[in-house]
Amino acid sequence: MPTTVSVSPPAKKRSSRVPLYITLTLLAALAACWFGWPAFQETIREAWAVLKSGEQPRIAAWMQQFGYWGPVVLVLAMVVQMFLFVVNVVLLILVAILAYGPWWGSLLALAGVVAASSVGYALGRALGDSFVQKLLGRKTEQKVLDVVDRYGVWAVIIARLSPALSDDAISFVAGLARMGYWKFMAATVAGVVPLIALLAYLGEDSGRLKTGLLWVTGVSVLLFGAYVWWDRNQTKQK
């Protein structure tokens with residue numbers, strides 16, 4: 001049976017405070033740096049130009065200039081990336097791996113995904129339908145909401161595992177749908193860890209990387225499609 005998520009507000013409120021505190025902390029840090037640190041503004045503009053270029057060697061070299069601050073910059077970039085849909089999170093995962101190696105880079109990428117997912121979840125939960133609709137559009141919001149409402153954690157896992165799907169949208173909608181935070185986070189980690197491992201293994205070879213991403217996207221979408229088909233058939237029989 002599929003895992004369903006109720007869209008109506010639940011009685012439990014404590015679970016929403018954890019991601020909300022994470023969000024407020026990160027947003028406060030960003031605001032303080034932006035208004036009180038002129039060099040930070042220049043760095044953000046430079047980062048936008050470098051990330052937009054899509055050149056992996058240039059991106060990796062640019063990240064290494066930050067030294068000990070590099071991991072902080074990368075995690076913040078993953079949070080900001082949710083609102084800049086032209087920059088794919090896969091690119092930032094590759095940046096972490098190329099700049100810090102397969103092991104430390106993978107851990108850093110996972111930390112960034114967890115932080116960004118927590119922010120997206122908290123904003124979707126706290127600001128509600130009007131915010132998510134303005135950010136994603138009515139059709140996209142409803143489509144993702146229907147999938148999350150019906151398939152729950154499996155929708156999150158597939159979205160994280162498949163580079164071609166909108167994993168940013170799933171964070172906002174999971175919060176809007178009132179999915180439990182820890183359930184959402186467990187599904188996020190379960191889906192993104194295999195993707196990060198694949199990127200760490202194939203990251204140095206661009207040819208193999210493109211092939212690997214195509215395969216993992218195709219297989220994950222195919223499996224989820226098969227599951228949806230089976231579920232609908234089961235529903236019709238009942």
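Reader: How many helices and how many strands does the protein chain have?

Author: The model is predicted: local features need pLDDT of at least 70, side-chain atom pairs count only at pLDDT 80 or more, and totals for chains, interfaces and linings use all residues. Residues are numbered from 1 along each chain as its sequence is written, and side-chain values use heavy atoms, with hydrogens and water left out. Helices (H or I, at least four residues) and strands (E, at least two) are DSSP runs, numbered from the N terminus. Along the sequence the pattern reads α-α-α-α-α-α-α-α-α-α-α. The count is 11 helices and 0 strands.

Reader: What is the average pLDDT of the protein chain?

Author: pLDDT is the predictor's confidence in each residue, from 0 to 100. At least 70 is reached by 73% of the residues. The average is 75.

Reader: Which residues carry the UniProt annotation "transmembrane region"?

Author: The annotation comes from an unreviewed UniProt entry. Positions follow the numbering used here, feature names are shortened, and annotations may be inferred rather than shown by experiment. The record lists 20-40, 68-97, 103-123, 181-201 and 213-230.

Reader: How far apart are the end C-alpha atoms of residues 103-123?

Author: This span is 100% helix and 0% strand. Residues 181-201 are also 100% helix and 0% strand, with end C-alpha atoms 30 Å apart. For residues 103-123 the distance is 31 Å.

Reader: At what angle do α5 and α6 pack?

Author: Axes are lines fitted to C-alpha atoms, for helices over the stretch in contact, and angles run from 0 to 180 degrees between N-to-C directions. Helix α5 (residues 89-100) and α6 have axes 7 Å apart. The angle is about 145 degrees.

Reader: How do the residues of the contact of α6 with α7 divide?

Author: Helix α6 (residues 102-136) and helix α7 (residues 138-151) cross at roughly 115 degrees, their axes coming within 7 Å. D129, V132, Q133 and L136 of α6 make the contact with R138, T140 and E141 of α7. The residues divide into 2 nonpolar, 2 polar and 3 charged.

Reader: Which residues of α8 are buried?

Author: Buried means under 20% relative accessible area, exposed over 50%, partly exposed in between (1.4 Å probe, protein chains only). Across the protein chain, 43% of the 238 residues are buried. In helix α8 (residues 153-161), 8 of its 9 residues are buried. They are V153, A155, V156, I157, I158, A159, R160 and L161.

Reader: Why does R178 count as partly exposed?

Author: R178 sits in the loop between α9 (167-176) and α10 (181-202). Its phi is positive, about 65 degrees, although R178 is not a glycine. R178 counts as partly exposed because its relative accessibility is 28%.

Definitions and conventions. Contact = heavy atoms within 4.5 Å. Nonpolar A, V, L, I, M, F, W, Y, C, P; charged D, E, K, R; others polar.
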